[in-house]
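This briefing goes through a single protein model by topic. Please keep the sequence and the structure in view while reading.

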Amino acid sequence: MQDEIRTPDTGTSRTLAWLVIGLFFIWGGATSLNDVLIPKLRGLYSLTHAEGMLTQFAFFTAYFIVSIPAGSLVAKIGYLRGIVTGLIVTAIGALLFWPAALSGMYVGFLVALFVLAAGITILQVAANPFIALLGDEKTSSSRLTFAQAFNSLGTTVWPYIGSTLILGAAATTDPTTLSGTALDAFRAAESAVVAHVYIGIAIVLLLVAAIFWARRNAVRDERPAAVGFMNSLELLGQRRVLFGVVALFAYVGAEVAIGSLMVNYLQQPGTLGLDAQTAGHRLSLYWGGAMVGRFIGAALLQRVPAGKLLATFAALAGVLVAISMGSSGAVAGWSLLAVGLFNSIMFPTIFSLSLKGLGDKTAEGSGLLCMAIVGGAILPLATGALADATTIATALSIPIVCYVVIAIFGLADRAEG
C-alpha cells in the first residue's frame, strides 16, 4: 500500500516537489526540441514527412523498450537515485549529438535521440509517481497537473530558443546540389549547429544531477514495490489500467504528430505561409497553450471531476483539429495552434486516473503507462506517411480519432463515479 512508503516531512516534501517540478521543465523542453529538429534534418537530408518522423520514432520507441527496466531500476535504487540515473543517461544522449554531427549521417541523430529518450523515460518513471506521493492522494491529479504546467513552460520556451539557434542558422546552400564528400562535409558543418545546442543541454543536465545526488538521502525507504515485465502486464487485466494505456497511447501520438507537422504546416501558402524560423516561433504558442491550460486545469480539477474535464477537453481539441482540416489561411493555422490549450490536462489526468487505487503496484502501473508513450513513435509515423500520400491537412484525421478515444476514457471514468 502507498502508506508503506515513508514520505518526507512537509518542509522536505515542498523542497523535493519544487526540484522535481524543475525536471518537468527540463524534459518537456528537451522533448519539444524534436519538433524543431525535424524541419532542420528534413532539409539537410532531403527527407519525406515519414522519414522525418523517424526522429520521433527513435525517441518514443525508447519509452516502450526502457519503461519496464526503468521501473525495475527505480524499485532497486529508489526514486531519488533513479532521478539521478535518468539525468546522467539523458546527458549522455545529448553528448552523442556531437559524434552524430561529425558523421554527417542521419542515423547518428536517431541513435542519440534514442539514448536521450531512454534517460527521460527513467526520469518519468521515477518522477511522476514520486511527486504524486508528496502529498494527499486526493489531490494527486492537481499536483501532477501543476508539475506538468512547468513541463509545458519548458515546451514553450525551448522551441522558441531552438528555432532561433537551429532553424535561424539555416544554410544558403541547397544540399540537393551537392554530392559525395562535399555533401558529407556540408551536412557535418550544419549538424554542428544542432550539436552545440545539445552539448549545452548536457552540461545543464549534469549540474542538475549533482544537485539531486546531494539530496539522495533526503528520503528513506522511498522505494516502490519490485517491478517485473509479466507482473506489469497482469495489470492490463484491470479495465481502468488497460483503457488508460490506450488513452495515453492516443494522447501522446496525437500531440506529437501535430507538433511534428506544425512547422511545415504553417509554412504552407494555404495556411500562414511563414518562413521556417517564424513557424518555429509559432510552435511555441502550441506548447504555450498547454502551459496555460495546465495552470487553469490544476485549479479546475479541484472542483470538476477529472474524467468529466478530460472528456470535455478532448472533445474541444478534436473540434479544433477538424476546423483546421476544413479551412485555410489564418483559421487553419491558428485553430491547430489552439489545440495545445486543450491538450494541457490530458497526460497528467490520464496518468493519475489510470493509477488510482493501485497502491504498491503504482510503480508497475507507471512503467506500463510510460510504455504507452510509444504512441509518440507509431502514430506520428503513420500521420507522416498519410501526409506524404495525401496532404498534411488530411493526415490530421489521425489525431481526431485519438481525441475521440480520450474522450471516451474520460466519460468511462465519470460513469464509474
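Helices and strands are runs assigned by DSSP, numbered from the N terminus, where a helix (H or I) has at least four residues and a strand (E) at least two. The model is a predicted one, in which local features need a pLDDT of at least 70 and side-chain atom pairs count only at pLDDT 80 or more, whereas totals for chains, interfaces and linings use all residues. Residues are numbered from 1 along each chain as its sequence is written, and side-chain values use heavy atoms, with hydrogens and water left out.

**Overall make-up**

- The protein has 20 helices and 0 strands.
- Of its 417 residues, 59% count as buried, a class that means under 20% relative accessible area, with exposed meaning over 50% and partly exposed lying in between (1.4 Å probe, protein chains only).
- Contacts (heavy atoms within 4.5 Å) with a separation of 6 or more come, for 85% of them, from residues 24 or more positions apart.

- Ser46 sits in the loop between α2 and α3 (49-52), and its phi is near 50 degrees, a positive value in a residue other than glycine.
- As background, most residues other than glycine have a negative phi.
- Ser46 counts as partly exposed because its relative accessibility is 44%.

**Aromatic pairs**

- The structure holds 15 aromatic pairs, that is, rings of Phe, Tyr and Trp (its six-membered ring) with centres within 6.5 Å, called stacked when the planes are under 30 degrees apart, edge-to-face when over 60, and tilted for the rest.
- Phe24 and Trp27 form a tilted pair, with 4.5 Å from centre to centre and 35 degrees between the planes.
- These two residues are separated by about one helical turn, because Phe24 and Trp27 are 3 residues apart in helix α1 (residues 10-32).
- Phe24 counts as buried at 0% relative accessibility, and Trp27 counts as buried at 3%.
- Tyr45 and Tyr106 also form a tilted pair, with 5.7 Å between the centres and 35 degrees between the planes.
- This pair links distant parts of the chain, since Tyr45 belongs to helix α2 (residues 34-45) and Tyr106 to helix α7 (residues 106-133), 61 residues apart; both Tyr45 and Tyr106 are buried.
- Trp18, Phe150 and Phe295 are linked into a cluster by ring pairs.

- A cavity is a set of points, on a 1 Å grid over the protein atoms alone, where a 1.4 Å probe fits but cannot get out, and its lining residues have an atom within 4 Å of a point.
- The largest cavity is lined by 22 residues, of which Thr31, Gln124, Asn151, Tyr251 and Glu255 lie nearest its centre.
- Helices that each supply at least two residues of this lining include α1, α2, α4 (54-77), α8 (140-167), α11 (239-267) and α12 (276-300).
- The lining of the largest cavity divides into 9 nonpolar, 10 polar and 3 charged residues, where Ala, Val, Leu, Ile, Met, Phe, Trp, Tyr, Cys and Pro count as nonpolar, Asp, Glu, Lys and Arg as charged, and the others, Gly among them, as polar.

**Residues brought together across the sequence**

- Pro39 lies in helix α2 and counts as buried at 13% relative accessibility; leaving aside neighbours within four places in sequence, Pro39 is in contact with Leu167 and Val263.
- Pro39 and Gly280 are 241 residues apart in sequence, yet their C-alpha atoms are 9.2 Å apart.
- Ala290, in helix α12, is buried with a relative accessible area of 1%, and, not counting residues up to four places away in sequence, Ala290 touches Ser152, Gly340, Leu341 and Ser344.
- Ile65 is found in helix α4 and is partly exposed, with a relative accessible area of 47%; the C-alpha atoms of Ile65 and Cys370, 305 residues apart along the chain, are separated by 9.8 Å.

Technical notes: On a 1 Å grid over the protein atoms alone, a cavity is a set of points where a 1.4 Å probe fits but cannot get out, and a pocket is an open set with protein on both sides within 12 Å along at least five of seven lines; lining residues have an atom within 4 Å of a point.
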